[in-house]
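Let's take a walk through this structure together, one piece at a time. Here it is.

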Amino acid sequence: MVYIRVVFWLLFWVLIASFLHYTLPQTDIARVSDTYTKRIDFGENSIFWAAPDVGNDATATNRDVFFIQAVRSNGRVMVYRNEDTGWGWPPYFKFDTSNLQAEAADLKSTVEAPKWVAIKHYGWRNELISIFPNAVSVRQVEGPDVRIIPWFTIFVLVVLFAIFWAIRVRWVRFRKNRINPVVDEWTDGWG
């Protein structure tokens, strides 16, 4: 019984952590090497793609998606998709996909003359099932060693921890003051 509870809570917190890791913004320092548009046919990985842009056919099985190719300072490549999130989840309210694509194209650079950029994104990259993180913003930075402090993520995690702690404290008090006395009274004669 104890093992089942441990496994349940472990799986619960792994799912919560995975959800937060996917949806909270992350920033990569990289050099934009190319930008392009590709027609995507959605399949089994369609849950990892944003909803169609406002005004587009929501039932379409394919659409054009912008991509940003980048190379990190350690030489590893990363490909980002560039889609509007609109009013959906996650709530980035991103409606400027075309502008972001133009900014990224303007920041393209070569190995000989690199322009380092901070690419804020959410999501994961998985080559096996072809999922890409969604770029939210691109801005030029001084170099590859720039340190970006994720204030928004810190704020969200602190607020979520405070909510969890408040619920936990109230539950413990309720259990101690209301449930335990009733159970103790009910099981008093069992001893």
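In the hairpin of β2 and β3, which residue takes a positive phi? Before the answer, keep in mind that this is a predicted model. The residue is G75, with a phi near 95 degrees, and the hairpin has 4 residues between its strands.

From that turn, follow the strands themselves. β2 and β3 run antiparallel and are joined by 6 bridges; along them you'll find Q69 standing opposite V79 in β3. β2 also pairs with β1, again in the antiparallel sense, over 11 bridges. Here K38 sits opposite V65 in β2.

Now look at what is packed inside. The largest nonpolar core has 13 residues, and the ones touching the most other members are I68, A70, Y80, V117, I119, A135 and V138. At least two residues of this core come from each of β1 (26-41), β2 (62-72), β3 (77-82), α2 (97-106), β4 (116-122) and β5 (134-140). Another core, of 5 residues, lies apart from it, with V65, F67, V79 and F132 among them. For a close-up, pick A135: leaving out residues up to four places away in sequence, A135 touches I68, Y80, R81, N82, K94, L100, I119, K120 and H121.

Finally, turn to the surface. F8, W9, F12, W13, I16, F161, F164 and W165 make up a nonpolar patch there, with about 840 Å² of accessible area together. Both α1 (2-23) and α3 (151-186) supply at least two residues of the patch, and α1 gives the largest share, 5 residues. One of the patch residues is W13, found in helix α1. W13 has a relative accessible area of 39%, so it counts as partly exposed.

Methods. Residues numbered from 1 in each chain as written. Predicted model: local features only at pLDDT ≥ 70, side-chain atom pairs only at ≥ 80, totals over all residues. Heavy atoms only, no water. Core = buried A, V, L, I, M, F, W, Y, C linked by side-chain atoms within 4.5 Å. Buried < 20%, exposed > 50% of the residue type's maximum accessible area, 1.4 Å probe, protein only. Contact = heavy atoms within 4.5 Å. Pairing = 2+ DSSP bridges. Patch = residues over 30% accessible without salt bridge, like charges linked within 9 Å, V, L, I, M, F, W, Y side chains within 5 Å. Areas by Shrake-Rupley, 256 points an atom, 1.4 Å probe, with all protein chains shown as cover. Salt bridge = Lys/Arg side-chain N within 4 Å of Asp/Glu carboxyl O.
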